[in-house]
Amino acid sequence: MTFLEAIDKDLIKVPMTARSAQEAVEELVELYAAKHGLSSAEREKLVLLVMDRERLGSTAMENGIAIPHAKVEGLKAPAVMVGVSRLAIDFGGERPSTIFFLVLAPAENPTEHIQILSSIAKLCSSDLFVRMLSSSKTKDDAYQLFFD
Amino acid sequence: MTRAPYRNILVYLDGSEESMTAAMYAILLASSSKARLHAVYVVNTKALGDLVRSRIFVDQERNEFLADLKKDASRHIRHAERLAASKDLQITTAALEGSPHKEILSYVKRNGIDLLVLGSVNAIRSRRDELTSENDRMLRTSPCPVVVVRDADDGIWSQFEEA
């Protein structure tokens, strides 16, 4: 599955309401949990995996984008959650973050995981794309940007 | 009888189920046309380096993923070798490192490959060049004909088992 195939309007949140890194991860994981009917224990496990990975080193980049991610044993397909926050959130980087891509990928397919992260990194190297995504007002606006 | 217009087939393995189906199809093609078959997996060290530079990966994580990718390469190459052996077909395999589309194109040129077999291309289109997948790049830039294998109804799996 490619990044574009993983993008799902139900997994986009604009604007986010989180005020901290932990809340941002919880808010994005909640989108996935709601879509796939996860129990609260399963949801907490995903949050923990992502936060454990963040403790190795923040995935916040200099341009205000953070790309938290985790390998998940037994996950059927990769998932990409996208969040845009009006308020900057301290995600442990040099600059606070306003755009989040949270990636969950099956531990069994490292190639897919890397391809998806790599696509996001390339996309986010475009200042124009980042500005447009930052200024999107709804999840439909944000969703459309990936395909235009 | 006219000989098939290809003698050296290359199938690109990327760890996906689609690429293993492509391997089965390539084995059937090679067996029926007496062509030589190659299967190559490319460990995407280019992407790993880019992810560390953009701070999405830390060094420890890069090393873990590199080890995972090498294991994945060995597993899929072994599987392709077993599939070929089950049809009494010789196969040349390789695990390379670098940027997948560049490594595959270079392999095509070095080894006189005249048919490239891919498991999938992006089902969804975007005008954003950043989102072009490795398979899409191979399809667009290959100097030889390319077959994209689709197996929506598992027909290739059945065909492989019956052959």
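Modeller: Gladly! Two residues are in contact here if their C-beta atoms, placed from the backbone, lie within 7 Å. This is a predicted model, where local features need pLDDT of at least 70 and side-chain atom pairs count only at pLDDT 80 or more, while totals for chains, interfaces and linings use all residues. Residues are numbered from 1 along each chain as its sequence is written, and chains are lettered from A and ligands numbered from 1 in the order in which they are written.

Colleague: Which helix gives the most to the side of chain A that touches chain B?

Modeller: Across the interface, 25 residues of chain A are in contact with 27 residues of chain B. Helix H1 (3-6) and helix H4 (110-123) of chain A each supply at least two residues of that side of chain A, helices being DSSP runs of H or I with at least four residues and strands runs of E with at least two, numbered from the N terminus. The top contributor, with eleven residues, is H4(A).

Colleague: Where is A:Pro15 found?

Modeller: A cis peptide bond, with omega about -5°, joins A:Val14 and A:Pro15. A:Pro15 is found in the loop between strand S1 (12-13) and helix H2 (21-36) of chain A.

Colleague: Is B:Lys34 buried or exposed?

Modeller: B:Lys34 lies in the loop between helix H1 (17-33) and strand S2 (36-43) of chain B. A residue is buried if 20 or more other C-beta atoms, placed from the backbone, lie within 10 Å of its own, exposed if 12 or fewer, and partly exposed in between. B:Lys34 has 10 C-beta neighbours inside 10 Å, so B:Lys34 counts as exposed.
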